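Biologist: I am new to this structure and would be grateful for a guided reading. May I put some questions to you once it is displayed?

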Amino acid sequence: MKILAIDFDGTIVEDQFPGIGKMIPGAKETINELYAMGYEIIIWTSRTHIRMLEAVEWLAKNGIKYHRINESSPANLRMYGNVDTRKIFAHMYIDDRGYHPLPPWNEIKEAVIERHPLYADKVARDGQL
């Protein structure tokens with residue numbers, strides 16, 4: 001499975017930290033589509049404590065699907081002796097600080113699929129497309 005680490009503030013929502021800004025157009029649809037396609041989605045944020053809870057509640061209220069928040073995949077934890085480091089392992093990091101300015105979400109989706117196609121995982125597992 002290909003893992004995507006997606007930042008919250010400035011990437012899913014407009015950066016209004018410590019508040020939560022408006023959703024960035026296309027974020028929900030694209031994230032949920034990537035989730036449905038089989039990408040593992042990790043929300044990657046510097047929020048902690050009450051601010052983290054606010055983000056989790058916002059994601060649930062707005063119907064954005066993800067597998068975990070600020071936690072590496074259990075398979076990757078096992079690879080490293082079940083040690084959960086502060087660095088989230090992902091095949092791609094989607095963050096407004098890395099893509100400045102952040103491209104539209106439809107372009108982000110195209111880049112994800114082009115750089116990290118899921119069919120390569122299927123070939124490795126099944127030996128066929």
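Biologist: Which residue in β2 does A5 stand opposite?

Modeller: This is a predicted model in which local features need pLDDT of at least 70 and side-chain atom pairs count only at pLDDT 80 or more, while totals for chains, interfaces and linings use all residues. Residues are numbered from 1 along each chain as its sequence is written, and side-chain values use heavy atoms, with hydrogens and water left out. Strands (E, at least two residues) and helices (H or I, at least four) are DSSP runs numbered from the N terminus. Strand β1 (residues 3–7) runs parallel to β2 (residues 40–44), joined by five bridges, and the residue in β2 opposite A5 is I42.

Biologist: In what order do the four strands of the open sheet lie?

Modeller: Two strands pair if DSSP finds at least two bridges between them. β3 (68–69) and β4 (92–94) each have a single partner strand, so one side of each is left without a neighbour in the sheet. The pairing is parallel, and the order is β3-β2-β1-β4.

Biologist: At what angle do the axes of α1 and α4 cross?

Modeller: Axes are lines fitted to C-alpha atoms, for helices over the stretch in contact, with angles from 0 to 180 degrees between N-to-C directions. Helix α1 (residues 27–37) and helix α4 (residues 105–115) have axes that come within 9 Å. The two are therefore roughly parallel, a term for angles under 35 degrees. Their axes cross at roughly 20 degrees.

Biologist: Which residues of α4 make the contact with α1?

Modeller: Contact means heavy atoms within 4.5 Å. From α1, the contact involves A27, T30, I31, E33, L34 and M37. The residues of α4 are W105, N106, K109, V112 and I113.

Biologist: Which aromatic residue pairs with F8?

Modeller: Rings of Phe, Tyr and Trp (its six-membered ring) pair if their centres lie within 6.5 Å; planes under 30 degrees apart count as stacked, over 60 as edge-to-face and the rest as tilted. The pair containing F8 is edge-to-face, at 5.6 Å centre to centre and 75 degrees between the planes. F8 lies in the loop between β1 and α1 and its partner in helix α2 (residues 49–61), so the pair ties together parts 50 residues apart in sequence. That partner is W58.

Biologist: Which residue does a cis peptide bond join to H100?

Modeller: Most peptide bonds are trans. Here omega is about 0 degrees.

Methods. Parallel < 35°, antiparallel > 145°, perpendicular 65-115°, else oblique.
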